[in-house]
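Subject: Structure handover

Hi,

Here is the structure I promised to pass on. Please open it alongside this note.

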Amino acid sequence: MNSTEQGPVDEAMCDVVLIGAGIMSATLGLLLHRLQPDWTIRVYERLPGVAEESSDAWNNAGTGHAALCELNYTSERPDGTIDITKAIAINEQFQVSRQLWSHLVETGILGNPGSFINPVPHMTFVQGTDNVGYLRRRYRALSEHPLFASMQFSDDPDTIRRWAPLLIDSRPSGEAMAATRDVTGTDVDFGSLTRQLFDHLGAAGVHIGLNQEVRGLRQNPDSTWQLRIRNCHNRAETTTRARFVFVGAGGWALKLLHKARIPDARGYALLPISGRFLRCDNPDVTDRHDAKVYGKAPIGAPPMSMPHLDTRVVDGSRSILFGPYAGSSPKFLKNGSVLDLPRSIRAHNVTPLIAMAKDNLALVRLLVTELTASKSKKLKALREFVPTANPQDWSMITAGQRAQIVKKDPDRGGVLQFGTEVVAAQDGTIAAVLGASPGASTAVPIMLELLDRCFPEHRQQWAPALLEMIPTLGVSLSCNPALAERTMMATARTLHLSASTSSDSTP
Ligand SMILES: Cc1cc2nc3c(=O)[nH]c(=O)nc-3n(C[C@H](O)[C@H](O)[C@H](O)COP(=O)(O)OP(=O)(O)OC[C@H]3O[C@@H](n4cnc5c(N)ncnc54)[C@H](O)[C@@H]3O)c2cc1C
């Protein structure tokens, strides 16, 4: 990267400052640079490299979330039918991300697609008669939809063994089980993607200041922003000014919004959840597994702690992750501070926090129990997925921190929210992303929403360039099956992904 390691430039005004060098800032920086190449953009990152927090490959699970396998996007109605609304929305969002990434591969901004995205079938695996019934109904509801037409279902152990042998080896026979599989699923190395985007921006003249922590920000009378930046090596402080600030600071975004005294951030708090995974690199095991297999979350567990057995492709090597084992930690970033949670409490967010804690006692209990669970308990959970798992093949790794949104609720006082949310000031001069799920997979639609909210005056002017990058922008793929198929085929071709499958087993 050409322009890294430069200190903050000077007091001069720039058009855009991006705080933090994760996937969100990388995506927004790329879009703004394409749409408005004459704007000056500066990036400030407190760590020595880009993508070292949640966006790093080993700090997240790398699932290209398209609702092909995650059960939390398809809830069961009281009459037993399955609500697929959320799944369709998530899938549509992922198709938008795929289109931008395809465009960037075609234009040479991103390199070999295999360096950041790889085909890995997405599976759901359940046991027990009730769960099998639910999965069958879910399959029927989804597979009629054009975006999920490649989904397969089976309750035959031999078929499931063909799809994922590790799930079935040494499992007692006679157990009711079922699985779905979709070969259009993906594994994404968001760290590599982020680094490639910043390499491009750096080479194009965007200033990327590493080891630079934004410590303060306040709005000037002319609506521009004054930022105070500390050099993490020598603690020297400088200032810079910007017309627009994106707070892409991950778990620290809310802290900076509170410092900036944005009224729209009042009432927001965060619940930090740490995550650990078991990782296996033994080729004798990894060669026998090619899938991301999601199961059911334990009762009371947050949706992001659904256990999954994930093929990962990072730097050309295949590994398997199992987890996550969620736990409690007061830090909002992996490299954050134990004071993050206590320091985030304000008069305006204490009520939502208390209300959320009262409503989610089971979750709080689970986080503490998981944190203190012994290695043998963790291995037991793994063996429910992989009965033949050998402890010597698996080591524990610590992933990134999730900072889940807690916000005011008129009825309950406060609610815990598992999604991702853009918070922007009314005048559109500053915005941030809060929350961590579905996260990086939907970075592109999230940043498009941000552009729409913060730069409405440029909407018309930018539309042609955005359509060139994302041809189906503003069109519902669900309502256009032919367009959905064409789009998925086109991006699959460019990104070297699987496009469809022929069903080899139906219920
Ligand atoms: C355990 C886990 C599993 C996940 N699994 C998936 C998955 O399978 N699929 C998926 O799509 N998403 C997943 N996610 C979510 C995804 O990783 C995040 O949504 C995404 O990486 C967030 O990107 P970001 O750019 O907002 O934040 P980050 O990548 O965290 O980047 C924020 C950056 O801001 C910097 N920063 C913070 N404060 C300052 C400051 N004051 N000054 C300068 N720099 C600052 C930080 O150092 C950091 O580099 C997962 C997350 C976790 C934790």
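**Ground rules**

This is a predicted model, in which local features need pLDDT of at least 70 and side-chain atom pairs count only at pLDDT 80 or more, while totals for chains, interfaces and linings use all residues. Residues are numbered from 1 along each chain as its sequence is written, and side-chain values use heavy atoms, with hydrogens and water left out.

**Helix α1 and its two partners**

Helix α1 covers residues 23–35, and helix α14 covers residues 459–469. (Helices are DSSP runs of H or I with at least four residues, strands are runs of E with at least two, and both are numbered from the N terminus.) The two pack at an angle of about 125 degrees, with axes 10 Å apart. (Axes are lines fitted to C-alpha atoms, for helices over the stretch in contact; angles run from 0 to 180 degrees between N-to-C directions.) That makes α1 oblique to α14. (Under 35 degrees counts as roughly parallel, over 145 as roughly antiparallel, 65 to 115 as roughly perpendicular, and the rest as oblique.) The crossing of α1 with α14 is right-handed. (Right-handed means the near helix is turned clockwise from the far one by less than a right angle; left-handed means anticlockwise.)

On the α1 side, L31, L32, R34 and L35 make the contact; on the α14 side, W462, A465, L466 and M469 do. (Contact means heavy atoms within 4.5 Å.) By class, the contact of α1 with α14 has seven nonpolar, no polar and one charged residues. (Nonpolar is Ala, Val, Leu, Ile, Met, Phe, Trp, Tyr, Cys and Pro; charged is Asp, Glu, Lys and Arg; polar is the others, Gly among them.)

Next, α13. The axes of α1 and α13 come within 9 Å and cross at roughly 55 degrees. That makes α1 oblique to α13. This crossing is right-handed. I23, M24, T27, L28, L31, L32 and L35 of α1 meet A443, V444, I446, M447, L448, L450 and L451 of α13. The classes here are 13 nonpolar, one polar and no charged.

**Helix α2 on α13**

Helix α2 (residues 85–106) packs on helix α13 (residues 443–454) at about 90 degrees, with axes 7 Å apart. That makes α2 roughly perpendicular to α13. Q93, V96, S97, L100 and W101 in α2 touch A443, V444, P445 and L448 in α13. Seven of the contact residues are nonpolar, two are polar and none is charged.

**The ligand**

The ligand is surrounded by 38 residues, the closest being E45, S55, T63, V214 and S441. For S441, a side-chain N or O atom is 2.6 Å from a ligand oxygen. For T63, a polar backbone atom is 2.9 Å from a ligand oxygen.

**Two backbone points**

The G323 to P324 peptide bond is cis, with omega near 0 degrees. P324 lies in strand β17, residues 317–328. A51 has a positive phi of about 55 degrees although it is not a glycine. A51 is in the loop between β2 (41–44) and β3 (75–76).

Best wishes

Conventions:
Near = heavy atom within 4 Å. Polar contact = N/O pair within 3.5 Å; in protein donor to acceptor, adjacent residues only side chain to side chain.
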